Amino acid sequence: MNLNKEYISSNNSYPNQKASYIVIHNTDNYSAGADAKAHARAQHDGNFNGMSAHVYVDDKSAYQAMPFDRGAWHVGVNYGGRLFGTVNNRNSIGIEMCVQAGFDYEKAFQNTITICRQIMSTQGISPDHVVQHFDVCAKNCPSEIRARNDWERFKQAIEKNAENSSATNPTVSGKTKANLTGEISLRFPEISRGCTGTAVSMLQSFLEVDADGIWGADTDHAFKSFQKNTNQLQDGICGKNGWTAIVNHMKENTFRN
Ligand SMILES: [Zn+2]
């Protein structure tokens, strides 16, 4: 689906954002015609007071209203959200799903998934960094998705996409797959700097650094380079995304004589 860029502006934004999260919202604007284009145009024309978002999606179209490297005013006031402070207006991309009068919920929902997956792919954001506005601020948002208990379906859809994509976007969640001798399902431990043990040795062998089983500076540097080369977030944490990228790399570079 095409992300229309006709109404991009810097209104109501902060400079120099480094986006590592996506926050999903509903506009809660039930007026007739309050669709994606109308919201993007209103933001572009300076008609929003103290609020903004990067992208507006409705049941037929999607409009980007702000560059992704600028921070939008979309997270707002905290009512006790578990991620408040972690996710903020300077490190996240806000996607608003429009709920104008007579909107087709399922189409709007699917379009929001499609656009979210596109942005995850182009900005290198993993499925576990896609959150509800509710998670950040405890505001009842995205209200329509929440009212239908549909957040899990949303998460499954964005994870499924990652699993189906190639090694250029290995932001896979859920089970880890390998197809060398049939398919196996594995769950590796999440490891990072300071960890020791077998999983670290294994990772070090893969990274071709000294396999002493202790994740120090060299391993950290090598792993972050690997994350960069495989379009992952360079957070230095080898969890399900990292292990899956490793397995995919092995699959593509292992040959039977
Ligand atoms: Zn919201």
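Trainee: How many bridges join β3 to β7, and do they run parallel or antiparallel?

Mentor: Strands here are DSSP runs of E with at least two residues, helices are runs of H or I with at least four, and both are numbered from the N terminus. Two strands pair if DSSP finds at least two bridges between them. In this structure β3 and β7 run parallel, joined by 6 bridges. Within that pairing, Ile 24 has Ile 95 of β7 as its bridge partner. On β4 (residues 55-57), 3 bridges pair the strand with β7 in the parallel sense, and Val 57 stands opposite Met 97.

Before we go on, this is a predicted model, where local features need pLDDT of at least 70 and side-chain atom pairs count only at pLDDT 80 or more, while totals for chains, interfaces and linings use all residues. Residues are numbered from 1 along each chain as its sequence is written, and side-chain values use heavy atoms, with hydrogens and water left out.

Trainee: Why is strand β7 largely enclosed by the rest of the structure?

Mentor: Buried means under 20% relative accessible area, exposed means over 50%, and partly exposed lies in between (1.4 Å probe, protein chains only). For β7 (residues 92-97), 6 of the 6 residues are buried, so the strand is largely enclosed. Ser 92, Gly 94 and Glu 96 point one way, Ile 93, Ile 95 and Met 97 the other, and all are buried.

Trainee: Which residues are the protein donors of the zinc ion?

Mentor: Donors are N, O and S atoms within 2.8 Å of the metal (3.2 Å for Na, K and Ca); water is not among the atoms, so sites may look incomplete. Here they are His 25 (ND1), His 133 (ND1) and Cys 141 (SG), 2.0 to 2.3 Å from the zinc ion. His 25 sits in β3 (residues 21-26) and Cys 141 in the loop between α3 (133-137) and α4 (143-147), 116 residues apart. His 25 counts as buried at 2% relative accessibility, and Cys 141 is buried too, with a relative accessible area of 2%.

Trainee: What volume does the largest pocket have, and which residues are closest to its centre?

Mentor: On a 1 Å grid over the protein atoms alone, a pocket is an open set of points with protein on both sides within 12 Å along at least five of seven lines, and lining residues have an atom within 4 Å of a point. The volume, the space filled by probe spheres set on the points, is about 350 Å³. Of the 23 lining residues, Met 51, His 74, Glu 96, His 133 and Lys 139 are the closest to the centre.

Notes
On a 1 Å grid over the protein atoms alone, a cavity is a set of points where a 1.4 Å probe fits but cannot get out, and a pocket is an open set with protein on both sides within 12 Å along at least five of seven lines; lining residues have an atom within 4 Å of a point.
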